[in-house]
Structure formats: structure tokens, C-alpha cells
Number of protein chains: 2
Amino acid sequence: MIIEELVERLLKGETIAAARLISLVENTDENEKIIKLISPYLGNAYIIGITGAPGVGKSTLTDKLVRELRQENKKVGVIAVDPTSPFSGGAILGDRIRLQKLATDEGVFIRSMASRGHLGGISSATSDAIKILDAYGCDYIFIETVGVGQSEIEVVKNVDTTLLVLIPGMGDEIQAIKAGVMEIADIFVVNKADKDGVERIMLEIEMLQNLGERKERMAPISKVIAKDNIGIEKLLQEIQNHKKYLLENDLFDTNRKKRLELEMKQIAHDKLLQKASSILQENYDLKQLIDDVYDKKTDVYSVVNNLIDKVVK
Amino acid sequence: MIIEELVERLLKGETIAAARLISLVENTDENEKIIKLISPYLGNAYIIGITGAPGVGKSTLTDKLVRELRQENKKVGVIAVDPTSPFSGGAILGDRIRLQKLATDEGVFIRSMASRGHLGGISSATSDAIKILDAYGCDYIFIETVGVGQSEIEVVKNVDTTLLVLIPGMGDEIQAIKAGVMEIADIFVVNKADKDGVERIMLEIEMLQNLGERKERMAPISKVIAKDNIGIEKLLQEIQNHKKYLLENDLFDTNRKKRLELEMKQIAHDKLLQKASSILQENYDLKQLIDDVYDKKTDVYSVVNNLIDKVVK
């Protein structure tokens, strides 16, 4: 099927077109063409990142948030970024199957993406998938990551609101993940809030917040028991509050433009290197140039400066 | 003092000139000029990397190797790459001071370099320092790293022979560091070979070697007790054997050319991005372009392709 036709069907809200287009941006270099075609239809979905260590109940939380939004008849997309393959591990797969039950619901689109093996990195693959679900007509898109490493931080750079999920009894983990991760939270979610240690973890989060840079807005802490559907409505309200805060403080557009700038720079960076490298490979005998430097007929910097003059205007 | 004069004094073997030039490549952007001036005088030093986990006795080993080479009246340079500052930690500082005693010897040049805070990364700073010591007239240059992380692997990409130092009783550590690190060893050095567990670690190294890819040459294992100067002469012989192996198998020049290629690519990469970014900043209103994409007047890829056409010939 040609891409133009797939995009047309995507814009009409056909699920199969969304799935096929995401596969295309994941596995081929058609992403440029696809993104160009859907660009006029972007910017309507609200994007929420859900991150936190394995075992804190991110999938269950996503599941409940999605169901709640379906009550309001919202169209929802979920992208679950798994460490390696979408079929890698027991717990992850189990969660995924549970979530998959939602998939019989026409108003929900669910997709697992492996965090490795993408041509342009997981961040750009996620960013493209978000755009496709946006054009598909989703009101909300959830990006759920497994773990809290560097690639998760990259992924949540694509979102409007980031939820960092924690559970009681993980004080040490907080210490371990705090560097660079606590700062990304727009809302802290303490899941399994019926377990011992809730007060302690709340206190620890507050302490870490007070230690950090003074901010305009303190990220609120939402207590939930996801498996029993407790606190979900209130958490959705907190997400709405954050959106309202962004809009009222002129941050909604500003943040999205910042993300756009980063995205453009990354694309420009990759394309520039690609183009320069192919120009050089076609026109210059690099092996000879290396031999010339090695034989002291010239030096590294003279060669490089000369090559760059040939490439750059 | 002007750089030309410093280089002239370096080529005459003046220690102070070597020290000042290394400071200049570390802290300023004069490295291009300096490397160009010394390029005709490079390629004479033999470069040895010494790496391994903290506490395995790398400094003591370096110290003894240097003393042995001084017996043969060789001129020796030592670059010790420390995790952060050269004055960061007790043990490291202690080792450094011990090594510093050698510094009253005119035939030895010792320098600590912090592994962070270099404009072009530690690998390029080390590479420049090696070149300066090469032009200074060193017969041997040792690069000693602390730890076995990614930046250490980067650093040893600059060397002819890599020693990976291990000690008995670190089986678990071997497991932990094996990925990507065991392969860099041209010679395994088991230090503290009077301790329990020597046979076991030798066996573990051999097992890991047999698990790995089949190689032309198996890296030998050298047992030493560095503090008592035992096994040092034999280790130097193994280094000579490795050099002989490289020369006889046409790998000496090939490896150096490969390193040169990597270095050129890195420099070209950095300069290209720098140049493109300054052209764009001077000639285009990036903020306006981002606004245009955000307002759907155009799309990311059209903007980027257009910009790249303006930059690249």
C-alpha cells in the first residue's frame, strides 16, 4: 500500500493504518515522508509520560488512567517502551497482556516498542509514533517506560506531563535514581499507598524537592492504589491542573517549541553527518589521505580543514 | 611565550616546554596549531596503556616498569588519567606522589590529567599529550587509567600495547568488567601474584579467552609482584614480544593508521558541526523557523533539508 493512502486512512481514524505507519517509521527510512504528510494535523493530543523503576505498577496505573478517560469518551493511545523486545520478559509480557484487554476497545490504541534497534534511537522512534497517534485523532497519548535510565529520560523529553511512579519502601531507590530523574517529575505518584512506609516516602520526596533548585511550581504528590482503582480520578485532576498551569504560565507552547527545537537539531545533526560522509566517500580517497598523514606529508588538521572546506559552503 | 618558540624548545627536549604545551592543549584551543607544528616529528615513541580496576596496583606497576626502562637509559613519559581532578583522592594522590619521586630523574616526564573537563573529551586530550611527549623525544609513553569504564576504553584506543591489570580474588569483578574490556587486553597482568587465588584467576582469564572470538594471537598472562619488583623484566619482554608480533604481522602500521582514521573522523565530526552551527546562527532566524513549524506553515524535515542545502555544497 502506498504511504499517501495509508496516511489518508490514518486521518480518517483507521486503526490498521496507524499500526502500519508506526511499523514503517520503526523499521524503514520512510519516516521523513510520513511525518511530512501528517505535519498539518499535529498538536491536538495531550502527551503524558509514565516512568519509574520496574515493579512500581506503571502498567496497572496506565490501564486505570486509560479506562477512566474512556468513561469520558476520550480517544487514547498508549506506547509502552520495553527494555529490549516487546516479548522479552515474564512480568512485562504479563502486564502487556493485561493492558491488551483494552485493545478490543476501539477508542484505545496500544503499542509496544523495543527500546533498542531503532535507526535514529528510541527517542526519535517514540517521537514519530506520538505524531502518528496524534494525527490518528488521540486526545491523550501515554508513553510508558520501563526503568529510569538515560533512554527513559530521553523518551520523556517528548511529553507534556511526566508522572514519576514510586512505591513505599523504596527509600534507597529514591537515593539512587534522584540524580537527573527527580527533576523530570511534574507529578509524583506514590502507588501501592496501602502499604507500610507511605508517610516516609512522601517525606523523602519532599526533602529531595527542598534540596533541589527552588522552582516556580512544586510537583504535587498523588497517592494511588492502582490495582483497586483508588486515587485515579484525583490523579487525572492533577494532570489537568498541570496542563492548566502550563497554559496559564505561557509554558505549554514554550515547552513544545523547545522540544521541537531539540528534535530539529537532532535531525539536522544526523543528516549533516550523513551528507558530509557521503560527499567525502564519493570524492576523496580517505585511505590515501590517512597514508599521507602517516607518512608526514601533511597533518591531521590540514587534511580535515581541507575536507570541510570542500563540504561546507 | 609564543607557541613556535615553545615547540622549538620541546624538540630540543626541554621539560618545561613539554609541560607548558600539554597545559595549552588541555586548556585552550591552541591544540590545532601545536599539533600541526609537531606533526613532522611524530611516530617514534612506543605507547603502552595500563588499565584495570582501582586498587590493583597500576601506579606501582608503572613505577617499576619505568625504573626498569631507565636502567636501559630509555626516555619515558607517563600520563596518568584520574577520574576527576589530579588531587581528588587519598590513594590516588598517594600513588601519584610515590611516582613523582621519579620526577627528579631528567629522563622521566610524569603528568596527571583529569578525565573530565576537556574541550574535546579525555581521549583527544590524551592523544594530544601523547603527541607532545613523542615530539619531546620519549622512547616509551605509558597511559595509566583509573578504573575500567567507557572513557578508559576510549583512552586505550590511543596505544600500541594495552596491559589489563588484575589481582587474585577478583573473579566477580572479571565477570563484571569482561564485556568490552577483556578484549582490549594485549597482555593480562596478574599483580600481587603472591596472594591466594592466583591459579583461579589465571584459569578464569583463560576460560574467558576461550569463550571469546577465536583470535590469531592469545593475549599472554604475566604474573608479577610489582611492589617487590618481581616479574617486571619478564613483563617488559612480553611487551617487546607484542611489538614484534605487531611488526611481523604488518599490524604495527595498520593499527596506527586505524587510530589515525578514528582521530580524523572525530575531529572532522566536531568541526563540521561547529561550522554548520555557526553558519546557521549567523544567517538564519532559528526561532522564526521553529515558530513556522509550530504554526504548521512548514514541517521539520523541509526546514532541516533546506538548512542543510544552505550549508553543504
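The axes of helices are lines fitted to C-alpha atoms over the stretch in contact, and angles run from 0 to 180 degrees between N-to-C directions. The legends below describe a predicted model.

**View 1. Helices α1 and α2 of chain A cross at roughly 130°.** The axes of α1 (residues 3-11) and α2 (residues 15-27) of chain A come within 8 Å. This crossing angle makes α1(A) oblique to α2(A), and the crossing is left-handed. Leu6(A), Arg9(A) and Leu10(A) of α1(A) meet Ala17(A), Ala18(A), Arg20(A) and Leu21(A) of α2(A). By class, this contact has five nonpolar, no polar and two charged residues.

**View 2. Seven strands of chain A form an open sheet with parallel pairing.** The strand order is β3-β2-β4-β1-β5-β6-β7. Strands β3 (108-114) and β7 (221-223) of chain A stand at the edges with a single partner strand each, so one side of each has no neighbour in the sheet. On average, neighbouring strands are turned by 20° against each other, direction ignored.

**View 3. Strands β2 and β3 of chain A pair in the parallel sense.** Seven bridges join β2 (residues 76-82) to β3(A). Val81(A) has Met113(A) in β3(A) as its bridge partner. Helix α4 (residues 58-71) of chain A packs on the sheet, and its direction makes about 175° with that of β4(A).

**View 4. Helix α9 of chain A lies across β5, β6 and β7 of chain A.** This helix, residues 198-211, runs at about 160° to β6(A).

**View 5. Chain A touches chain B through 35 residues on each chain.** Helix α11(A) gives the largest share of the chain A side, 14 residues. The residues of that side divide into 20 nonpolar, three polar and 12 charged.

Methods. Residues are numbered from 1 along each chain as its sequence is written. Chains are lettered from A and ligands numbered from 1 in the order in which they are written. This is a predicted model: local features need pLDDT of at least 70, side-chain atom pairs count only at pLDDT 80 or more; totals for chains, interfaces and linings use all residues. Helices (H or I, at least four residues) and strands (E, at least two) are DSSP runs, numbered from the N terminus. Angles under 35 degrees count as roughly parallel, over 145 as roughly antiparallel, 65 to 115 as roughly perpendicular and the rest as oblique. A crossing is left-handed if the near helix is turned anticlockwise from the far one by less than a right angle, and right-handed if clockwise. Two residues are in contact if their C-beta atoms, placed from the backbone, lie within 7 Å. Ala, Val, Leu, Ile, Met, Phe, Trp, Tyr, Cys and Pro count as nonpolar, Asp, Glu, Lys and Arg as charged, and the others, Gly among them, as polar. Two strands pair if DSSP finds at least two bridges between them.
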